[in-house]
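Subject: Structure handover

Hello,

Here is the structure I promised to pass on. Please open it alongside this email; my notes follow below.

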Amino acid sequence: MILDSFKLDSKVAIVTGASTGLGQGMCYALAEAGADIVGVDYVEMPETEAKIKAMGKNFVGVVANLMSTDPIQGIIDTAVKTYGHVDILVNNAGIIRREDAIEFSEKNWDDVISINLKTVFFFCQAVAQQYIKQGTGGKIINIASMLSFQGGIRVPSYTASKSGVMGITRAMANEWAKHNININAIAPGYMATNNTKQLRDDAQRSADILARIPAGRWGLPSDVMGPVVFLASSASDYVNGYTVAVDGGWLAR
C-alpha cells in the first residue's frame with residue numbers, strides 16, 4: 001500500500017526549534033507518522049513533550065543554544081544513546097533581524113548567519129557522519145524560506161542565510177546521495193509564527209502580504225506537516241537536493 005511508505009514507525013527524528021511554531025508542528029507530524037522525537041530548543045519544551053507522549057511516542061528534550069556549533073555532537077549522541085540510532089534531522093531553528101541594509105550591523109549579520117546557515121551546515125555534516133557510521137542512510141530536511149528565492153526588504157542577513165540553505169542543500173545532496181542520504185528543504189511562505197509577528201502587527205504590511213498570497217491567508221504550522229512527513233519518509237527516496245515551497249501560491253503570483 002502506498003500509504004505504508006509514509007509511515008515512520010521505529011524512526012528517530014531530531015527537530016530543532018521544537019518549542020513553538022513550525023518546529024513544534026513538525027514534531028507533532030513526525031510523531032503522528034510513528035517517529036520518536038529528540039526536540040531541541042534554547043528553552044524547555046513541555047507542551048511539545050506532553051502532546052507527543054499523549055500520542056504514545058517518546059520525546060527527549062535537549063536545551064541548547066544553536067548560535068554556536070558546540071552542542072551539535074552532544075545532541076546526536078543523546079539521540080543515539082537514548083534510541084540506539086537516528087534517522088531524520090529537521091534543521092528548523094533560526095532567527096531574523098530587521099534593519100535597513102544601509103545601516104545593517106555586523107552583529108545582526110553574524111548572529112543570523114551563525115544559526116541559520118553555519119549551524120545548519122555543520123549539523124547536516126555531523127548527522128550525515130552518523131548515518132554513514134550506522135550504514136542506514138537517512139533523511140535531512142532543512143528549513144529554507146521564500147527569501148531563498150527573493151530578496152526581501154530589511155532582512156539582508158536572513159535572505160543571505162536562507163539563500164545559502166538552498167545552495168548547501170543542493171551541494172550536500174550531490175555528495176551524499178551515494179550514501180543513501182536524502183537532503184531536501186522546505187521553503188515556508190508567510191507563516192503565522194513568532195518570526196512574522198512584527199509583520200502581522202503592521203496592519204498595512206499584513207494587508208499587502210495577504211493581497212499577494214493566492215490562498216488569501218497566512219500559513220499555519222499544520223501546513224508543513226504533510227511535506228515534512230513526505231520528505232522524512234521512504235515515499236521521497238528519489239527526491240534529493242530539492243526545495244519545496246509551501247507558500248499558498250506566493251511564488252506563482
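By the rule used here, there is one cavity of 30 Å³ or more. The rule works on a 1 Å grid over the protein atoms alone: a cavity is a set of points where a 1.4 Å probe fits but cannot get out, while a pocket is an open set with protein on both sides within 12 Å along at least five of seven lines. Lining residues have an atom within 4 Å of a point. Grid points are joined across faces, edges and corners, and volume is the space filled by probe spheres set on the points.

Two notes on sources. This is a predicted model, so local features need pLDDT of at least 70 and side-chain atom pairs count only at pLDDT 80 or more, while totals for chains, interfaces and linings use all residues. Residues are numbered from 1 along each chain as its sequence is written, and side-chain values use heavy atoms, with hydrogens and water left out.

The cavity

The largest cavity holds about 30 Å³ of space. Its lining is Thr16, Leu66, Asn91, Asn92, Ala93, Ile115, Thr119, Val120 and Phe123. Helix α4 (residues 106–134) gives the most, with four residues. Helices (H or I, at least four residues) and strands (E, at least two) are DSSP runs, numbered from the N terminus. The cavity lining has five nonpolar residues, four polar and no charged. Here Ala, Val, Leu, Ile, Met, Phe, Trp, Tyr, Cys and Pro count as nonpolar, Asp, Glu, Lys and Arg as charged, and the others, Gly among them, as polar.

The pockets

The largest pocket has about 980 Å³ of space. It is lined by 45 residues, and nearest its centre lie Gly94, Ile95, Tyr158, Thr193 and Asn195. Four elements each supply at least two lining residues: α1 (21–32), β2 (36–41), α5 (156–176) and α7 (203–212). The lining splits into 24 nonpolar, 16 polar and five charged residues.

The second largest pocket has about 230 Å³. Of its 15 lining residues, Lys11, Thr136, Gly138, Lys139 and Asp237 lie nearest the centre. Three are nonpolar, seven polar and five charged in that lining as a whole.

The chain

The protein chain has eight helices and seven strands. Its C-alpha atoms fill a box of roughly 50 × 40 × 35 Å along the principal axes. Buried residues (under 20% relative accessible area; exposed is over 50%, partly exposed in between; 1.4 Å probe, protein chains only) make up 50% of the 253 residues. Contact means heavy atoms within 4.5 Å. Among contacts between residues at least 6 apart in sequence, 69% join residues at least 24 apart.

Two residues to look at

Asn108 sits in helix α4. Asn108 is buried because its relative accessible area is 16%. Beyond its neighbours within four places in sequence, Asn108 is in contact with Arg97, Glu99 and Ser157.

Val239 lies in the loop between α8 (225–232) and β7 (243–246). Its relative accessibility is 23%, so Val239 counts as partly exposed. Leaving aside neighbours within four places, Val239 is in contact with Asn182, Asn184, Phe230 and Leu231. The C-alpha atoms of Val239 and Asn184 are separated by 7.5 Å, with the two residues 55 apart along the chain.

Best wishes
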